[in-house]
Amino acid sequence: MSTADLEDRLAEWSRPGRPFDPVLLTAHDEAETFPAEACAALDGWGLPQYYVPVRHGGRQERLDALHALLRRIAARDMTVAVAHGKTFLGGVCVWVAGEDCPADQLARHILAGEPVAWGLTEPDGGSDLLAGSLTATRHGSGWRLSGRKWPVNNASRGNLMCVLARTDPQGGPRGFTVFLVDKRATAAGTVRSLPKMPTHGIRGADISGVEFHEAWVPADGLVGTVGGGIELVLKALQLTRIACVALSLGAGDHALGLLRCFLGERRLHGRDPVDLPHVRVTAGRAVARQFLAEAVAHTAARAAHQVPEELSVVSAVAKAFVPTLIQDQLRLIGDLLGARSFLTGVEGYGGFAKLERDHQVVPLFDGSTWVNRSGLASVLPLLRPGRRAAAAAAASPVHWLLEDHRPTPLDMRRLRLMPPRDSVLGALPALAAEVMQQEGTSKAEAETAALARALLTAWERLDADLADLRPAGGVPSTAMMRLAERYEWCFAGAAVLALHRARPRLHSGPWGRDGVWLRGCLALVLEGMGYEPTGSVPVYDRLGSLLTTAQGVPVSVLDVPDPDDPVRDGTVEVTVA
């Protein structure tokens, strides 16, 4: 099995009458029914194997490879990707806990195709994990659980659920514990499913809840240590947040495929749409957003293997930044599609409205944009000048973004709640300086150097502002949140420069010639921080033109490895039915 094989199967399954037939999936969406046929097809293909680490009998070895699989599915249908991929999220706490958990038991269930839910949120609790009121009290050799978890993906369909429960009445950081609950092993009447929650997007997903009333869980249902639940969940979220951004990349693939078809098929005012400067520039801005999102997402997936101790920062940046960027991309594409962006039943384009609705949920998964940005803001004082620990040479993102680099096996024991450094952003000065030194004589090289110089100036201003920070408790101020957002943009710029430096192949081809993709990303980064870089409009204009003239060339700068084999592109070309 491989990502290429999955893409072939997805194309086959998307034919009329097959599990991924857009007509069938649209019908499920309108009726708010679960896309069981598509999920069963993925089970049969073997996707659950990629949710289980190799050491427990699965095929989960590389996070960037899992990323590629989820991205391909999301490019076909976001609801299916969310509904099926939730099992990966549901099991991560068990894998992170290591030996102190029922890992082999859970692995057997997942490999058999059983969905797993993750019970974190509660009514009225929002994203505040410490507000959880579901309790677990000792009873004999096991525990009794009482309380509600809602809303939860797969809560009704999944017999298995990792549940965060309050084990100390006083709560607090050491007052919660994670349990793996098998609802089939509980006494009758002690577990009740709560009704499905109507949602604006991913209408067919099982977003529901569960209520426990003195439900007994045996001792071997304990995941990790008593009182270690909050730390365990926060470490697990560092991995699941990176997986979530694959959904956004898939949405971007789908939307750009629709836009490419629209620009090639339609005429506006008697002209081809790409003959209009506004259309080209807007399309180019959408393309640049996809490239920038890819660079951040891919860097984060590789960082999980190479610098897992820094993942609290990297995952927060990726989860806050990428879905927001793709949501902006969808807005731009929707503006160009016009009425086709919100009318259903329009041949070839009626699916955009569903895509846009579905993606609106992604920024909320595994901590909303605000939650992730505030988490980043809270650790910025640890990353200020003078507090950063020096990174080893092997920690340079250029080293582990090389095309032929095989990532270090994922070691979840190295995950930390407080980062010692940020190797990605720390590499920005040297990477920008290298681009500036290669200014050359061509106009493109001069423009690229100017953008790199402006980015370096923006980083220096950010660094100066970070130097004044001191640790503080409570909710971050508006100023701190804005500082965190600037940090995200600088991180994105560093990721782009590192990827460009690590992959010589990206210096040629339609997107790489004259550094057009690099310049588009750097211009976007600078605009995001309030600068007005010169020459950005012509770059976006060219990217927009290439969207139609480079037919058959994926809108991607990535070569994502197959889970089993060689390095392959991580995107999917979407054919409009």
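The model is predicted: local features need pLDDT of at least 70, side-chain atom pairs count only at pLDDT 80 or more, and totals for chains, interfaces and linings use all residues. Residues are numbered from 1 along each chain as its sequence is written, and side-chain values use heavy atoms, with hydrogens and water left out. Helices (H or I, at least four residues) and strands (E, at least two) are DSSP runs, numbered from the N terminus.

**Helices α8 and α9**
- Helix α8 (residues 277–306) packs against helix α9 (residues 311–337) at about 160°, with the axes 9 Å apart.
- Axes are lines fitted to C-alpha atoms, for helices over the stretch in contact, and angles run from 0 to 180 degrees between N-to-C directions.
- α8 and α9 are therefore roughly antiparallel (angles over 145 degrees).
- Their crossing is left-handed (the near helix is turned anticlockwise from the far one by less than a right angle).
- The residues of this contact divide into 20 nonpolar, 3 polar and 3 charged.
- Ala, Val, Leu, Ile, Met, Phe, Trp, Tyr, Cys and Pro count as nonpolar, Asp, Glu, Lys and Arg as charged, and the others, Gly among them, as polar.

**Strand β4**
- In β4 (residues 160–166), 7 of the 7 residues are buried, so the strand is largely enclosed by the rest of the structure. Buried means under 20% relative accessible area (1.4 Å probe, protein chains only).
- Leu160, Cys162, Leu164 and Arg166 point one way from β4, while Met161, Val163 and Ala165 point the other way.
- Strand β1 (residues 116–119) pairs with β4 in the parallel sense over 4 bridges; pairing takes at least two DSSP bridges. Gly119 has Val163 of β4 as its bridge partner.
- β4 and strand β5 (residues 176–182) run antiparallel, joined by 7 bridges. Thr177 in β5 stands opposite Ala165.

**Aromatic pairs**
- The structure holds 7 aromatic pairs. Rings of Phe, Tyr and Trp (its six-membered ring) pair if their centres lie within 6.5 Å; planes under 30 degrees apart count as stacked, over 60 as edge-to-face and the rest as tilted.
- Tyr51 and Phe88 have ring centres 6.4 Å apart and planes at 45°, so this pair is tilted. Tyr51 lies in the loop between α3 (36–45) and α4 (63–76), and Phe88 in helix α5 (residues 78–97), 37 residues apart. Both Tyr51 and Phe88 are buried.
- Phe291 and Trp511 pair edge-to-face, 5.2 Å centre to centre with 75° between the planes. This pair links α8 to helix α17 (residues 509–512) across 220 residues. Phe291 and Trp511 are both buried.
- Phe291, Trp511 and Trp517 form one aromatic cluster.

Note on methods: Parallel < 35°, antiparallel > 145°, perpendicular 65-115°, else oblique. Buried < 20%, exposed > 50% of the residue type's maximum accessible area, 1.4 Å probe, protein only.
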